[in-house]
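Have the sequence and the 3D view open side by side.

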Amino acid sequence: MENLLDALINSGCEIDKSYYLNAVKQYKNKEELELEINTYIDTFIKTNPYQIKDVSVALLTDKTSYFHNFQENTLYDLASITKLFTLKGVYDLRKENRIVFEQPICTYLEGCKGLQNYTVLDAIKMFGIIETEGKLSETKDYETFRKVLKTVKVKEYSEETTTYTDIGHVLLGNIIEKVTNKDLKTYFKEDIFDKYHMENTLFLPSHDYILKGNGNTFYLPHDLKTRVAHGMTGAAGLFSNVYDLSKFAKELWNGHVFDSGFLKEIYDYTFIDTINRNRSFSGLYKKTKGYRSYVPKEFSDFALAHQGFTGSVFVVDLKLHMGEILLFDAIPNGEEKKHPDFLKGFYVFRDKMTTYLILLYLMQMG
């Protein structure tokens, strides 16, 4: 066990070796640990003061999976985690020679003259600053949404000004639709979700599902601009559950989503967001030492994460083959935002789940 902990630390995991040496001895078996996890989650939901009504959890390793509060007919709004699947879409289309990353976006989409030579890869990197004349989220109908989107222009083009934005991934979603002649719902299902047997991950779920985390009863995502865009953009709109996302996490760490060359591109590129966190393609979070990030400190230097405005988080460690998925129902119907102290509650909960994940990992490997 001590050698295993040393290996984790050498991989970049920031863990208290003595704590885990003692903690893992407290459990007779995995079932006893899982019972404690169940009790903690149920108690948190009943007693938390952050308006978190529900949370669905997956803690994953190569040899075991723990799920809490998973039901196939209950889906959670993924919000910006959608961007990870948009990245997968444009990556696949590049492999098929249907998209060239170095080509300007205006090569694929008419009417975006203000982008000049801003490329597909620039949008993936969120390079510089691009803006529209007026906010997409304030448009009232799809026709106006499209008109505002066409006003997009490059405000600044430098690595120093790189800024996280949804606009580029809205455009990437449009490019996917243009080159495949499919709407995003059809393309994502046929070319991504069916491939990985993600039967309950989709845009625009039917009323057969119970939806959580979207703050409305319209069967539409929480993101206002995505609602206007018929519930589908490359930036937001997907609904899923922890079971489907666990399949995708395992495909990621097994190298079946992106090849090693593209993963190297992701790891080699970094931009710093407004609160000093390391990010990469599509806004993916990377390990950021010394700062709170959506990649927990206990993960290795080869972990990636994405997080949505709804609070949901997807984390996968590509070296250690472990993952953590937390899907929250934290936006009450009719509300625009989560509780102002949501992040405080999130980190308390997430840190505890990460501790349990490391214990599961040690028990399976030890």
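Q: Which are the buried residues of helix α8 (residues 184-193)?

A: A quick note before we start: this is a predicted model, where local features need pLDDT of at least 70, side-chain atom pairs count only at pLDDT 80 or more, and totals for chains, interfaces and linings use all residues. Residues are numbered from 1 along each chain as its sequence is written, and side-chain values use heavy atoms, with hydrogens and water left out. Buried means under 20% relative accessible area, exposed over 50%, and partly exposed in between (1.4 Å probe, protein chains only). Helices (H or I, at least four residues) and strands (E, at least two) are DSSP runs, numbered from the N terminus. In α8, the buried ones are Leu-184, Tyr-187, Phe-188, Ile-192 and Phe-193.

Q: What covers the buried residues of α8?

A: The cover includes α4 (82-95) and α7 (167-180).

Q: On to strands: which residues sit on each side of β10?

A: In a regular strand the side chains alternate between the two faces of the sheet. For β10, Ala-303, Ala-305 and Gln-307 lie on one side, with Leu-304 and His-306 on the other, and all are buried. Five of the five residues of β10 (residues 303-307) are buried, so the strand is largely enclosed by the rest of the structure.

Q: In what sense do β10 and β11 pair?

A: Strands of a sheet pair through backbone hydrogen bonds, either parallel or antiparallel. Two strands count as paired if DSSP finds at least two bridges between them. β10 and β11 (residues 313-317) are antiparallel over five bridges, with Ala-305 opposite Val-315 in β11. Together they make a hairpin with five residues between the strands, and Gly-311 in the turn has a positive phi of about 105°.

Q: Is Ser-56 buried or exposed?

A: Ser-56, found in strand β1 (residues 54-61), is buried, with a relative accessible area of 2%. A polar atom of the Ser-56 side chain lies 3.0 Å from the backbone oxygen of Asn-69. Leaving aside residues up to four places away in sequence, Ser-56 touches several residues, including His-68, Tyr-76 and Val-242; contact means heavy atoms within 4.5 Å.

Technical notes:
A polar contact is a pair of N or O atoms within 3.5 Å; within protein, one must be able to donate a hydrogen and the other to accept it, and residues adjacent in sequence count only if both atoms are side-chain atoms.
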